[in-house]
Amino acid sequence: MVSKNLPFTKEDILKIMEKYPTPFHIYDEKAIRENARRMKSAFKDIPGFKEFFAVKALPNPFILKILKEEGFGADCSSLPELILAEKAGMTGDDIMFSSNDTPAEEFIKAKELGGFINLDDISHIPYLEKSAGLPEIVCFRYNPGPLKEGNAIIGKPEEAKYGFTREQMFEGYRILRDKGVKRFGMHTMVASNELNSDYFVETARILFELIVEISKELGIQFEFVNLGGGIGIPYRPEQEPVSLEAVAKGVKEAYDATITANGLAPLKIYLECGRVITGPYGYLISQVRHLKSTYKDYVGLDSCMANLMRPGMYGAYHHITVFGKEKKAPAHKYDVTGSLCENNDKFAIDRMLPEVEIGDILAIHDAGAHGHAMGFNYNGKLRSAELLLREDGSVVQIRRAETIEDYFATLNFEQLKNFR
């Protein structure tokens, strides 16, 4: 039987549940740290390499603090994400701010923190200048359009709302140069959860070639290029992870052939991955509340799509382990569901599992990115807690579960009494 490993046993989880009721997300600190070091080792020969963790994937300051200790920065896209990074001790060159339809206060905060500001549209140049003033270094997000294929999650680049066209890139940097800006960066992000390592090398090559053209035409020097993120993870047990070493080797070869060969080195290389850093090392732990048999057999959990949106939103696969039954044959077909009033509130459809009983505990794998982060309150559902499995085996709560009081905190029931 093809399976996935877990960093804890049923006995471990039962002990944790004595203090923290299900459902909850739990993250493996040791595995996250080891993975961060693996990425840095893979890219050690890349000039000025730095990873800016995509805060949107797992917006928890405890996780950000761990990654800062491992030498990572933060890729932020909103004011709360900037504040989370700041709370975790990240400022200055540790912050990459990339957003779209950006309000003035977010540009102001990003500049106040000294982070890199990555503009999404040519019209944002005067907007940034008026609202916060132009910083010393400015970056543009490039949308390569038909030059580059997207994928199922992020869509085709030419249909995406993000980034500058090729012509706008030349015009935008010309505007900045003429306004006296001396330092420049370039960025793109054209895929999500991509497992083909060649895809990222091709992206680097496209950016390197564009940097050569713009540098020569405008007489400017680029300090860094942010290749974006989008490196996928093997959600299915039979899938293979992306070889970071292969990506790094291909990027280095493209760098030498284009950047070094044209006398434009040194050029720092950045990434902004999220999923591949924490995704495989987070788990949604949930207990079976009901079993139902109608036209199909259903396993009803105490969690729902509000705890993990990806299967319902994308039809995404997340592996499921039934604690204590890891070695039993997956001989029964189930839909694994939550309690939302929506039929797409399913963690799995027609999934073969060992026979499930009420009270069984399930681990839903690869929930360490875009899991808790995508939670919501539809149907009055409350967001669950986040826990951290420390390197010494202890468990700490890094975000408590929401309460009904939290849910009602923005309502004024006293005002309701006199409402007519």
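Predicted model: local features only at pLDDT ≥ 70, side-chain atom pairs only at ≥ 80, totals over all residues.
Helices (H or I, at least four residues) and strands (E, at least two) are DSSP runs, numbered from the N terminus. Residues are numbered from 1 along each chain as its sequence is written, and side-chain values use heavy atoms, with hydrogens and water left out.

The barrel comes next. Eight strands close into it in the order β2-β3-β4-β5-β6-β7-β8-β9, with parallel pairing, where two strands pair if DSSP finds at least two bridges between them. From one strand to the next the twist averages 25°; axes here are lines fitted to C-alpha atoms, for helices over the stretch in contact, and angles run from 0 to 180 degrees between N-to-C directions. Strand β4 (residues 95-98) is joined to strand β5 (residues 116-119) by three bridges in the parallel sense, and Ser98 has Asn118 of β5 as its bridge partner.

Strand β9 (residues 268-271) pairs in parallel with strand β2 (residues 50-54) over two bridges, and three bridges join β9 to strand β8 (residues 222-226), again parallel. Tyr270 of β9 stands opposite Lys50 and is also the bridge partner of Asn226.

Helix α8 (residues 197-218) lies across β7 (183-187), β8 and β9, running at about 155° to β8, with contact taken as heavy atoms within 4.5 Å. β8, α9 and β9 make a right-handed β-α-β unit, a crossover being right-handed if, with the strands pointing away from the viewer, the path from the first strand over the helix to the second runs clockwise. In the loop between α9 and β9 lies Pro266, and the peptide bond from Ala265 to Pro266 is cis, with omega near 0°.

Helix α9 (residues 244-260) also meets helix α2 (residues 29-42): their axes come within 9 Å and cross at roughly 30°. That makes α2 roughly parallel to α9, a description used for angles under 35 degrees. The contact is made by Arg38, Met39 and Ala42 of α2 together with Leu244, Glu245 and Ala248 of α9.

Asp350, finally, is placed in strand β14 (residues 346-353), and its phi is near 55°, a positive value in a residue other than glycine. Most residues other than glycine have a negative phi, and most peptide bonds are trans.

Note on methods: Parallel < 35°, antiparallel > 145°, perpendicular 65-115°, else oblique.
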